[in-house]
Amino acid sequence: MTMMMAAALFSACGHRASTEAAADADSVSVDSAKVEATDSSELKSLIDVETVKFEKNDSTAEVSVLVQWPTTGEKVIVDSLRRHICDLLGDDFIDGPKAIQKYGQALFESQQADWHSVYDEMEPDARMGAFSKTHEITILTQTKQYITYYYETYQYGGGAHGYLTQVGFTFRKSDGRQIPLLKNTNSPKLAKIIKEGVRRHFSERPDKPMSDEELLEYLFASEVSALNNLPLPGNSPYLSDTGMVFLYTQYEIAPYSSGIITFEVPFKDIKPFMTDEAKALIPEE
């Protein structure tokens with residue numbers, strides 16, 4: 001992390017931010033919004049957010065930061081979400097939308113500096129595109145019992161391609177914790193669910209799933225037998241409002257060309273493998 005970035009984050013995450021937005025940003029906005037719960041009975045527990053967006057670009061750097069910043073709700077869960085957002089952006093605690101805008105400006109300047117350090121000595125026709133960095137932190141779903149945030153970040157710093165990361169985080173509203181969602185992770189039945197989920201991700205027609213041999217073409221696995229023992233994703237699964245979502249990052253079980261692999265398992269199918277804490281969060285059948 002550059003000294004410029006560290007200074008910006010110290011200001012943003014440790015102290016009250018300036019009341020002035022980054023004046024030279026191409027696009028800076030803050031919108032108040034009420035994120036809808038899954039039904040009207042959950043309005044009392046609803047967490048409201050401000051959607052903060054910073055965008056700036058030139059021929060050397062492109063930066064986009066979009067954050068749904070929690071504003072009102074039970075203090076324990078709002079504070080937990082704010083701390084987690086700041087962790088994703090790189091420090092201890094962030095002090096609201098103005099600080100996020102300052103972070104975006106510092107990130108843009110850092111990307112500019114990195115581009116110049118690589119390409120200033122090169123001939124113009126040898127230079128690659130602008131260095132870029134994006135952060136998008138948004139609410140995927142929330143119920144009376146839990147809220148799931150979704151984080152997507154992309155970075156390009158020269159070379160053939162950039163790197164995309166996506167991950168979801170589910171928080172229990174009662175105490176703001178991320179609780180364990182799965183148990184019996186060595187179960188052959190769970191392994192079959194994972195295998196079929198990966199198959200669904202790549203199958204273009206739900207009514208005609210690809211064969212094991214066809215599936216191998218998309219994965220690092222070379223033997224059909226390996227499909228029965230695919231590892232769980234390195235990142236924990238997360239909850240939507242209808243099921244549990246599993247997500248493999250790039251290169252985790254497949255080459256770059258296969259992209260990010262994600263699939264949802266309905267609650268009724270994954271419930272036997274959920275922890276008691278997790279079961280308590282989902283609707284009763």
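Visitor: Let's zoom in on Tyr 163: which strand is Tyr 163 found in?

Guide: Tyr 163 sits in strand β6, which covers residues 163-172. Strands here are DSSP runs of E with at least two residues, helices are runs of H or I with at least four, and both are numbered from the N terminus. Before we go on, some ground rules: this is a predicted model, in which local features need pLDDT of at least 70 and side-chain atom pairs need 80 or more, while totals for chains, interfaces and linings use all residues. Residues are numbered from 1 along each chain as its sequence is written, and side-chain values use heavy atoms, with hydrogens and water left out.

Back to our tyrosine. Tyr 163 has a relative accessibility of 34%, so it counts as partly exposed. On that scale, buried is under 20% relative accessible area, exposed is over 50%, and partly exposed is in between, using a 1.4 Å probe and protein chains only. Together with Phe 220 and Tyr 251, Tyr 163 makes a nonpolar surface patch of about 310 Å². Patch members have over 30% relative accessible area and no salt bridge; nonpolar side chains (Val, Leu, Ile, Met, Phe, Trp, Tyr) are joined within 5 Å, like charges within 9 Å. The areas themselves come from the Shrake-Rupley method with a 1.4 Å probe, and for residues just the protein chains shown count as cover.

Now for the aromatics elsewhere. Searching the whole structure turns up 8 aromatic pairs. Rings of Phe, Tyr and Trp (its six-membered ring) pair if their centres lie within 6.5 Å; planes under 30 degrees apart are stacked, over 60 edge-to-face, and the rest tilted. Take Phe 131 and Tyr 156: their ring centres are 6.4 Å apart and their planes meet at 90 degrees, so this pair is edge-to-face. Phe 131 belongs to strand β4 (residues 131-142) and Tyr 156 to strand β5 (residues 146-156), so the pair ties together parts 25 residues apart in sequence.

Phe 246 and Phe 263 are arranged another way: with centres 5.5 Å apart and planes at 20 degrees, they count as stacked. This pair links distant parts of the chain, with Phe 246 in strand β8 (residues 243-248) and Phe 263 in strand β9 (residues 261-266), 17 residues apart. Phe 246 is buried at 1% relative accessible area, and Phe 263 is buried too, at 6%.

Next, the charges. The count comes to 10 salt bridges, where a salt bridge is a side-chain nitrogen of Lys or Arg within 4 Å of a carboxyl oxygen of Asp or Glu. Glu 196 bridges to Arg 199 with the closest N and O atoms 2.9 Å apart, and the two are 3 residues apart in helix α4 (residues 188-202), about one helical turn. Glu 196 is partly exposed at 27%, whereas Arg 199 is buried at 8%. Arg 199 also pairs with Asp 212, at 2.8 Å between the closest N and O atoms. Asp 212 lies in helix α5 (residues 212-216) and Arg 199 in α4, so this bridge ties together parts 13 residues apart in sequence. Asp 212 is buried, as is Arg 199.

Then there's Asp 269 with Lys 268, whose closest N and O atoms are 3.3 Å apart. Asp 269 is partly exposed at 34%, and Lys 268 is exposed at 58%. Elsewhere, bridges with shared partners join Arg 172, Asp 175, Arg 177 and Glu 277 into one network.

One more stop is helix α2. Gly 90 follows α2, with a positive phi near 120 degrees.

Stepping back, the protein chain has 7 helices and 9 strands, and buried residues make up 48% of its 285 residues. Its accessible surface comes to about 14700 Å², with 50% of that belonging to carbon and sulfur atoms.
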